[in-house]
Amino acid sequence: MREVRVRFAPSPTGPLHIGGVRTALYNYLFAKKHKGKFLLRIEDTDQTRFVPGAEDYIIESLKWIGIHFDEGVHIGGPFAPYRQSDRREIYHQYALQLLKNGTAYYAFDTPEELDRLRKDSETRKETFQYGPQTRLGLKNSLTMSETDVKAMLESGEHYVIRVKIPENETIVVQDLIRGEVSVDSNLLDDKVLFKSDGLPTYHLANVVDDYLMKISHVIRGEEWLPSAPLHVLLYRYLGWETEMPEFAHLPLLLKPEGNGKLSKRDGDRLGFPVFPLQWTDPKTGDISSGYRETGYLPEAFINMLALLGWNPGTEQEIFRMDQLIEAFSIERVGKSGSKFDPEKAKWFNHHYIKMLSVDHLALLLNKILTEKGIEVDMEFVKKVCSVTSERAVLIPDLWEHSSFFFQAPKVYDEKVVQKFWKPETPALLEKIGLLLREISDFSSENIDAVIKSFIFENSLGMGQVMNTLRLVLVGGSFGPGVASILSVLGKQESLQRIHKAANQFMQL
RNA sequence: GGUCCGUUCGUCUAACGGUUAGGACGCCAGGUUUUCAUCCUGGUAAUAGGGGUUCGAUUCCCCUACGGACUACCA
């Protein structure tokens with residue numbers, strides 16, 4: 001078997017969305033699984049759609065999720081350059097080769113002329129096709145004399161080079177996911193291979209580059225399936241049939257609600273990110289949210305994405321990247337499109353946050369604290385994390401569920417006050433305060449024992465006492481266990497909060 | 001419209017001719033609990049429809065329906 005070499009080949013027309021990220025991920029997993037190479041090629045042959053910043057965005061996104069390239073625009077490699085606009089001289093010679101062997105031809109029809117032909121067909125409820133049926137009635141080197149063609153070319157007239165699709169042939173594409181896909185050549189059209197601006201179209205460029213870069217497997221989105229027969233034809237015409245890569249067309253990612261391909265606009269409309277990283281549109285300034293900024297861990301993100309369209313055949317659902325590499329196989333990629341489920345994405349993240357070590361969690365929380373201008377001892381941050389981590393679904397929840405540890409409550413939740421505050425409450429609090437003061441080892445176990453025996457001895461309600469304590473410590477009815485809160489807060493701060501509340505309410 | 005691809009619980013999916021059609025998310029109920037979560041237990045819910053082939057179809061074939069992609073000098 002030849003060396004596995006696969007590529008991720010996005011065009012820099014904007015941010016990569018999760019469908020594209022998944023394509024990159026599957027390519028990466030496949031490459032690593034087979035000890036092969038993974039490379040990043042930028043397909044920017046359409047300069048009209050170029051978006052500044054998109055290329056860097058793509059690179060940063062893949063770096064964030066832990067995908068490393070062996071070769072690519074950003075790191076070079078033995079087949080450089082890896083940006084198609086830097087390879088423009090290469091493509092022309094192959095177009096000329098096709099011209100020479102009669103599998104391509106010059107065409108001089110203007111865009112306006114073609115537009116009119118399409119519109120005319122449309123009114124007759126037909127589809128205009130520049131192909132075997134029509135090419136002999138159009139302005140090209142098939143219908144014009146050699147001298148006329150020469151004259152046109154020399155006069156600097158705009159031209160394109162189109163592929164000459166054969167008639168009455170069945171073209172077969174072998175697909176690793178779908179099996180055999182065959183198409184009648186009469187239904188294909190004479191696609192433009194080389195544009196009048198001197199750059200190739202995707203069809204020519206991807207075939208030439210995949211061949212030159214010795215790509216062994218083309219793993220890409222299903223939207224390319226209809227043009228795969230053309231690519232097969234091109235390999236044949238170029239004489240590279242024996243070195244043609246194998247194809248695998250991945251099913252699409254669909255919107256969570258209704259149907260249709262997940263698109264860049266869907267995300268914030270439906271309340272979840274579609275992009276790995278936040279993106280600011282350079283033209284409009286519009287901001288689209290990203291998984292990273294929303295508080296997802298990259299490990300959770302790729303785990304979720306990997307299982308969207310692929311499964312290991314076992315009931316295992318949690319995979320680290322190295323486990324994904326080990327378990328991945330293209331045969332276990334499904335054929336049908338997958339609807340993206342934001343709830344499941346959250347579940348994965350929640351799971352991964354729970355798996356994180358206290359040290360790691362503390363680092364994440366400390367970053368948020370620093371942003372808020374709060375500076376505290378790391379040991380304290382760790383303690384906080386150890387009692388709050390399991391209730392955090394997204395990273396920002398680490399703060400949302402623990403802020404009262406760093407800032408004493410300024411106001412008390414009115415509803416909770418009404419429910420639990422009684423005239424005798426201040427006295428009760430002072431009593432508990434006295435008991436707490438006596439505890440030498442301020443551990444949550446000791447605190448718990450002391451409070452419980454106090455409740456028992458005085459025949460008080462557990463809920464009444466605990467909820468009141470909770471109220472004065474955190475300002476509402478949320479957070480971890482009361483004993484844990486007291487222990488983490490420490491004796492001094494706990495007593496202060498209890499006194500403050502007792503005094504404040506005494507005056508009411 | 002044409003071509004191609006697809007179709008198992010609401011969602012992601014397993015079952016490569018023989019299973020009480022399995023798991024996960026969600027949802028519901030119960031348990032644990034001082035709140036909210038976590039956690040544990042249980043429940044809910046699917047083979048699009050119709051024909052074949054076969055002793056036997058989720059699984060193989062055909063038709064229909066539905067969905068999607070493609071149909072540019074875009075990728």
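1. Neighbours within four places in sequence being set aside, E241 is in contact with Y235 and R236, where contact means heavy atoms within 4.5 Å. E241 sits in the loop between α7 (228–237) and β10 (246–250); the helices here are DSSP runs of H or I with at least four residues, the strands are runs of E with at least two, and both are numbered from the N terminus. With a relative accessible area of 42%, E241 is partly exposed, a class that falls between buried (under 20%) and exposed (over 50%), found with a 1.4 Å probe and protein chains only. From E241 to Y211 the separation is 30 residues in sequence, and their C-alpha atoms are 9.9 Å apart in space.

2. A word on the basis of these values is in order. The model is predicted, so local features need pLDDT of at least 70 and side-chain atom pairs count only at pLDDT 80 or more, while totals for chains, interfaces and linings use all residues, and side-chain values use heavy atoms, with hydrogens and water left out. Residues are numbered from 1 along each chain as its sequence is written, and chains are lettered from A and ligands numbered from 1 in the order in which they are written.

3. Turning to the overall form, chain A holds 22 helices and 14 strands, and its C-alpha trace spans about 110 × 50 × 40 Å along the principal axes. The radius of gyration of chain A is 32 Å, whereas a compact globule of 508 residues would have one near 23 Å; this radius is taken over C-alpha atoms, and the globule rule is 2.2 Å times the number of residues to the power 0.38.

4. How much of chain A counts as buried? The share is 51% of the 508 residues. The accessible surface of chain A comes to about 24,600 Å², and carbon and sulfur atoms own 51% of that surface; the area is from the Shrake-Rupley method with a 1.4 Å probe. Of the contacts in chain A between residues at least 6 apart in sequence, 72% join residues at least 24 apart.

5. The domain assignment, which is automatic or from a database, divides chain A into domain 1 (1–73 + 251–355), domain 2 (87–250) and domain 3 (408–506). Domain 1 gives 24 residues to its contact with domain 2, and domain 2 gives 30 residues. The centres of domain 1 and domain 2, taken over C-alpha atoms, are separated by 30 Å.

6. Helix α2 (residues 54–64) deserves a look for its cover, since 8 of its 11 residues are buried and the helix is mostly covered. Among the buried residues of α2 are Y57, I58, I59, L62 and W64, and E55 is also in that set. Which elements cover these buried residues? The cover includes β1 (5–8), α1 (18–33), β2 (37–40), β12 (279–280), α9 (291–294) and α10 (298–306). Just after α2, G66 takes a positive phi of about 90 degrees.

7. Is S494 buried or exposed? S494, in helix α22 (residues 491–506), is buried, with a relative accessible area of 0%. Residues up to four places away in sequence not being counted, S494 touches F442, L473, L486 and L489. For contrast in setting, D120 belongs to helix α4 (residues 111–123) and is partly exposed, with a relative accessible area of 37%. D120 and I368 are 248 residues apart in sequence, and 62 Å lie between their C-alpha atoms in space.

8. Most residues other than glycine have a negative phi, and most peptide bonds are trans. The bond joining A80 and P81, however, is a cis peptide bond with omega of about 0 degrees, and P81 lies in the loop between β3 (71–72) and α3 (88–100).

9. N168 is found in the loop between β5 (160–163) and β6 (170–175), and it is exposed with a relative accessible area of 63%. K214 has its place in the loop between α6 (202–212) and β9 (217–221), and K214 too counts as exposed, at 53% relative accessibility.
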